[in-house]
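Welcome! Keep the sequence and the model side by side as you go.

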Amino acid sequence: MFDHKELSFKVRKALVVLQKGLAQEREETKQMLAVYHKYTRGEASEQEMLEANQQFRDVIKGLGLSVVVILPFSPITLPAIVKLGQKFGIEVLPSAFKEQFHLENDGKSLQMGAIPEDSNKTPPVDSSESDLAETPKHRD
């Protein structure tokens with residue numbers, strides 16, 4: 001049977017994650033603009049520029065996803081796009097959303113097909129079994 005309370009809880013949780021992700025992206029974008037302003041005066045370091053350029057990539061990702069969100073059937077197409085991006089090794093979600101999903105789900109796999117940021121790294125091997133254990137291979 002259809003459980004309205006469970007669905008309501010899931011929707012509210014998803015909206016909280018969205019709100020936190022958008023707030024974090026807004027702050028990171030403000031910092032990015034401040035770094036670009038410092039760059040125009042010749043005061044930005046190379047590390048600051050690398051971080052600002054990464055944030056600019058996240059802004060572009062967010063713009064691309066916002067187009068998909070306004071289309072009909074976005075609850076179906078958005079997870080499909082995220083899964084397809086993962087299959088081909090393309091990061092579709094901006095970093096703030098991946099971090100928020102990871103925090104909200106405590107490292108568990110996500111409902112909408114997104115995988116936490118550190119899930120494609122090789123799992124640690126117990127040092128007592130390091131002689132016998134092979135590290136699993138993964139694609140880059």
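**Exercise 1. Find which residues make up the largest nonpolar core.**

Step 1: Start with the term. A nonpolar core is a set of buried Ala, Val, Leu, Ile, Met, Phe, Trp, Tyr and Cys residues joined through side-chain atoms within 4.5 Å. Buried means under 20% relative accessible area, exposed over 50%, and partly exposed in between (1.4 Å probe, protein chains only).

Step 2: Pick out the members. The largest such core has six residues: Leu65, Val68, Leu78, Val82, Val92 and Leu93.

Step 3: Ask where they come from. Helices α2 and α3 (74–87) each supply at least two residues of this core.

Step 4: Look for a second group. Another core, of five residues, lies apart from the largest one, and includes Met32, Val35, Ala44 and Ala52.

A note on the model: it is predicted, so local features need pLDDT of at least 70 and side-chain atom pairs count only at pLDDT 80 or more, while totals for chains, interfaces and linings use all residues. Residues are numbered from 1 along each chain as its sequence is written, and side-chain values use heavy atoms, with hydrogens and water left out.

**Exercise 2. Describe helix α2.**

Step 1: Count the helices. The chain has four helices and zero strands (DSSP runs numbered from the N terminus: H or I of at least four residues for helices, E of at least two for strands).

Step 2: Check the span. Helix α2 covers residues 46–70, 25 residues, and reaches 37 Å from its first C-alpha to its last, close to the expected 36 Å (1.5 Å times one less than its number of residues).

Step 3: List what is hidden. Met49, Ala52, Gln55, Asp58, Leu65 and Val68 of α2 are buried.

**Exercise 3. Is Ser74 buried or exposed?**

Step 1: Locate Ser74 in helix α3.

Step 2: Ser74 counts as buried because its relative accessibility is 15%.

Step 3: Ser74 touches Val68, Val69 and Pro79, leaving aside residues up to four places away in sequence (contact means heavy atoms within 4.5 Å).

Step 4: A polar atom of the Ser74 side chain lies 3.2 Å from the backbone oxygen of Val69.

Definitions and conventions. A polar contact is a pair of N or O atoms within 3.5 Å; within protein, one must be able to donate a hydrogen and the other to accept it, and residues adjacent in sequence count only if both atoms are side-chain atoms.
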